[in-house]
Amino acid sequence: MALRHAVLAALLDGEYSGYQLAKVFDVSVANFWPAVPQQLYAELAKLEKEGLVAGRQVVQENRPNKRLFHVTDAGRAALEEFAAAAAKPSVIRDDLLVKVQTADRVGTAPVIEQLEARALAAEAKLELLDTLLRRMRGDADEDEFLRSGERIGGYLTCLRGIAFEQGHRDWCLRTAAVLRGRLTGEEDDHA
């Protein structure tokens with residue numbers, strides 16, 4: 001997948017300025033495809049040049065004008081083609097795993113700190129995703145929403161994000177405890 005598909009997918013929910021897209025992206029698509037605002041602005045320009053999105057100028061009083069973008073029919077066709085293509089297997093590329101891999105041969109204290117920091121970041125992301133899920137389903141309980149909710153794709157990707165962050169948090173905490181226990185010679189009670 002390329003950033004272009006993630007941007008097109010985010011624009012399916014409405015017409016957004018680059019700034020608004022970055023905000024929407026941060027609490028939805030970034031769950032599985034992170035990007036900084038500069039990347040999004042550059043991608044919007046490419047997509048517009050290729051005719052996959054269209055932009056329109058909005059004149060504002062007392063503020064700079066803005067451009068709003070939406071997916072074109074060609075953009076929808078590109079997303080349909082993308083959705084029909086075989087998905088590549090997921091892979092993990094994480095420098096923290098390389099650091100843990102070296103734990104038998106180099107100092108582990110900095111790695112333990114990084115594992116604990118990553119666990120805290122995962123916990124914060126879990127809170128954000130949980131809030132997002134509650135906002136999406138409104139008054140419906142989860143089973144009801146999954147059966148008949150209007151926009152289910154974003155909800156399902158948030159569920160995957162929660163499973164990922166929970167697993168990541170738990171692994172980081174357990175790995176930090178194991179490494180700490182080896183440093184201090186204590187028994188690991190998480191094993």
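The expected span of a helix is 1.5 Å times one less than its number of residues. The model discussed here is a predicted one. Helix 8, which covers residues 152–184, contains 33 residues. From its first C-alpha to its last, helix 8 reaches 48 Å, close to the 48 Å expected at 1.5 Å a residue.

Gly-185 follows helix 8 and has a positive phi, near 75 degrees.

## The nonpolar cores

In soluble globular proteins, nonpolar side chains tend to be buried together. The largest nonpolar core of this model has 19 residues. Within it, the residues that touch the most other members are Val-7, Leu-8, Leu-11, Leu-21 and Phe-25. At least two residues of this core come from each of helix 1, helix 2 (18–26), helix 3 and strand 2 (66–71). Helix 1 makes the greatest contribution to this core, with 6 residues.

What does Leu-11 touch, leaving out residues up to four places away in sequence? Its contacts are Tyr-16, Leu-21, Leu-44, Val-53, Phe-69 and Val-71.

## Salt bridges between and within helices

Side chains of opposite charge can pair when their charged atoms come close. The structure holds 12 salt bridges in total. One of them joins the side chains of Glu-43 and Arg-4, at 3.8 Å from N to O. Because Glu-43 belongs to helix 3 (residues 37–49) and Arg-4 to helix 1 (residues 3–11), this pair ties together parts that are 39 residues apart in sequence. Glu-43 is buried, its relative accessible area being 8%. Not counting residues up to four places away in sequence, Glu-43 touches Leu-3, Arg-4 and Val-7.

A salt bridge also links Arg-134 with Asp-130, whose closest N and O atoms are 3.1 Å apart. Both residues lie in helix 6 (residues 109–137), and their spacing of 4 residues separates them by about one helical turn. An α-helix has 3.6 residues a turn, so residues three or four places apart point the same way. Arg-134 is partly exposed, with a relative accessible area of 43%, and Asp-130 is likewise partly exposed, at 33%.

Asp-170 and Arg-169 meet through their side chains in a salt bridge of 2.9 Å, N to O.

## The surroundings of Glu-48

Glu-48 is a residue of helix 3. With a relative accessible area of 28%, Glu-48 is partly exposed. Leaving aside neighbours within four places in sequence, Glu-48 is in contact with Val-53, Ala-54, Gly-55, Arg-67 and Phe-69.

Glu-48 and Thr-72 are 24 residues apart along the chain, and their C-alpha atoms are separated by 9.3 Å.

How values were computed
Residues are numbered from 1 along each chain as its sequence is written. This is a predicted model: local features need pLDDT of at least 70, side-chain atom pairs count only at pLDDT 80 or more; totals for chains, interfaces and linings use all residues. Side-chain values use heavy atoms; hydrogens and water are left out. A salt bridge is a side-chain nitrogen of Lys or Arg within 4 Å of a carboxyl oxygen of Asp or Glu. Buried means under 20% relative accessible area, exposed over 50%, partly exposed in between (1.4 Å probe, protein chains only). A nonpolar core is a set of buried Ala, Val, Leu, Ile, Met, Phe, Trp, Tyr and Cys residues joined through side-chain atoms within 4.5 Å. Contact means heavy atoms within 4.5 Å.
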